[in-house]
Amino acid sequence: MYAYTALALVILTFGMETTLFRFANKEGEKPDTVFSTGIGVVAALSAVFLLAVCCLSGTISDALGYGQHPEYLLIMAVVTVLDSLQALPFCYLRYQKRAVRFASLKLLFIALNILLNVVFFVFLRRTEVIFVFAINLLCTAAITFFFIPDLMKIKWNFDCGLLRRMLGYSWPLLVLGVAGILNQTADKIIFPLVYDKSDAQAQLGVYGACVKIAMIMAMITQAFRFAYEPIVFASSKDKDSKEYYAAGMKYFIIFTLLAFVCVMAYMNILQHVIGPEYREGLRTVPIVMAAEIMMGIYFNLSFWYKLIDKTIWGAWFSLAGCAALVAVNVIFIPEYGYMACAWGGVAGYGTAMVLSYIMGQKKNPINYPMMSIAVYVAIAALFTAVIMWSNSHLPALAALAVNTVVVVMFVGHIVYHDLPWRSLLARLKGRR
């Protein structure tokens with residue numbers, strides 16, 4: 001149900017999040033009008049979606065295997081609509097650089113969700129699935145309520161001419177978003193269809209459990225996107241913007257590689273977040289993390305076509321990546337099982353990343369520090385090899401000590417070569 005919800009959310013927002021940043025930063029456009037027009041599109045699509053689900057709830061529930069509980073579908077349809085309506089207000093907070101309010105509302109949702117889950121499932125001992133959906137609805141509705149003061153300050157104005165320009169920019173982003181969701185979920189859909197052994201569901205469960213550890217990288221990438229995207233569009237008119245984008249790419253890769261090395265170094269500790277019967281799938285974690293880094297690099301590379309209003313390129317790149325992922329899964333899952341799912345992500349995001357880089361250097365070249373990036377990749381690969389050796393050949397405590405030294409060495413290299421520690425020391429001496 002949640003996988004379908006993610007797909008519906010991408011469709012209902014219709015690429016308007018990135019479109020808002022692009023048009024709100026254009027000369028001659030009024031940010032409030034851009035916001036009003038964009039949320040009008042989302043509201044219209046959401047209304048059609050909700051009406052369709054209400055009218056066809058029985059048929060859709062049967063098709064999804066929830067024929068006995070159409071209320072699940074109806075609740076999640078409302079949650080999806082509320083989430084889609086929140087998407088642009090959250091983007092507008094990022095555009096306005098109101099990071100504290102943005103983070104506060106996101107954290108409030110998490111805290112309220114955890115609290116209600118503890119109350120219902122721990123203290124009240126309720127076990128009905130309906131409470132999972134109901135809690136989600138309550139938390140989402142609460143956050144929507146907190147947006148009312150922000151929406152009251154907007155100067156509402158719908159511009160039909162602006163709408164046509166925004167739709168022309170956003171529809172390829174919709175294709176990009178759908179392909180992106182498929183990149184994240186297609187392997188789990190394909191696996192039981194092509195892995196014809198009796199333990200298909202069990203193997204998929206092992207893979208899904210281990211992927212949770214790799215989601216550390218996904219969280220870092222998402223946090224970077226939240227902060228970086230509005231800054232890129234706001235600085236697009238600056239003459240030194242390309243240097244800024246190149247530096248942003250470099251530091252993104254540096255710190256995601258650091259996260260990669262840290263996860264690998266402390267895998268013997270992190271593995272305890274999943275049950276012992278699932279740990280045979282831990283070998284997928286570095287592969288899935290590598291795929292997440294590639295996805296983040298692809299996100300960084302996507303700005304060249306977003307800034308010159310050629311978003312159609314993003315649609316083609318994402319479709320090519322999705323095709324590569326599906327091909328790897330279909331061809332190799334029957335023989336290699338869930339390992340093919342992990343490598344399929346690398347193939348999918350790697351394809352999109354390479355295509356975007358090659359075409360970007362032709363259409364809107366940026367002088368990325370490739371040599372420096374290559375050095376960091378090589379160091380991360382070497383340190384990862386050392387960590388994997390220590391984990392397999394040394395006692396647990398000795399391996400932990402060696403791995404910690406490796407992490408400290410990587411941090412030391414970053415501080416010495418790429419953090420302005422000398423200038424900071426000079427400033428501190430000057431103050432004395």
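What share of the contacts in the protein chain with a separation of 6 or more comes from residues 24 or more positions apart? I looked this up before anything else, keeping in mind that the model is predicted. The figure is 80%.

**Fold and overall form**

I went through the secondary structure and found 19 helices and zero strands in the protein chain. Next came the radius of gyration, which is 23 Å; the globule rule gives 22 Å for 432 residues, so the chain is as compact as a globular protein of that length. I also noted the span of the C-alpha trace along its principal axes, about 60 × 60 × 45 Å.

**Surface and burial**

I checked burial over the 432 residues, and 46% of them count as buried. The accessible surface of the protein chain is about 21,800 Å². Carbon and sulfur atoms hold 70% of that surface.

**Charges**

I listed 33 positive and 23 negative charges in the protein chain. Their mean positions lie 11 Å apart.

**Cysteines**

How many disulfides does the count come to? I got zero. To see why, I picked out two cysteines and used the cut-off of 2.5 Å between sulfur atoms.

For Cys55, the closest cysteine sulfur belongs to Cys54 and is 6.7 Å away, which is too far for a bond. Cys55 is exposed, and I noted its relative accessible area of 59%.

For Cys322, the closest cysteine sulfur is in Cys341, at 14 Å, so this pair is too far apart for a bond as well. Is Cys322 buried or exposed? I have Cys322 down as buried, at 10% relative accessibility.

Technical notes:
Residues are numbered from 1 along each chain as its sequence is written. This is a predicted model: local features need pLDDT of at least 70, side-chain atom pairs count only at pLDDT 80 or more; totals for chains, interfaces and linings use all residues. Side-chain values use heavy atoms; hydrogens and water are left out. Helices (H or I, at least four residues) and strands (E, at least two) are DSSP runs, numbered from the N terminus. The radius of gyration is taken over C-alpha atoms; the globule rule is 2.2 Å times the number of residues to the power 0.38. Buried means under 20% relative accessible area, exposed over 50%, partly exposed in between (1.4 Å probe, protein chains only). Contact means heavy atoms within 4.5 Å. Accessible areas come from the Shrake-Rupley method with a 1.4 Å probe; for residues, only the protein chains shown count as cover. Lys and Arg count as positive and Asp and Glu as negative; His and the chain ends are not counted. The place of a charge is taken as NZ of Lys, CZ of Arg, CG of Asp or CD of Glu.
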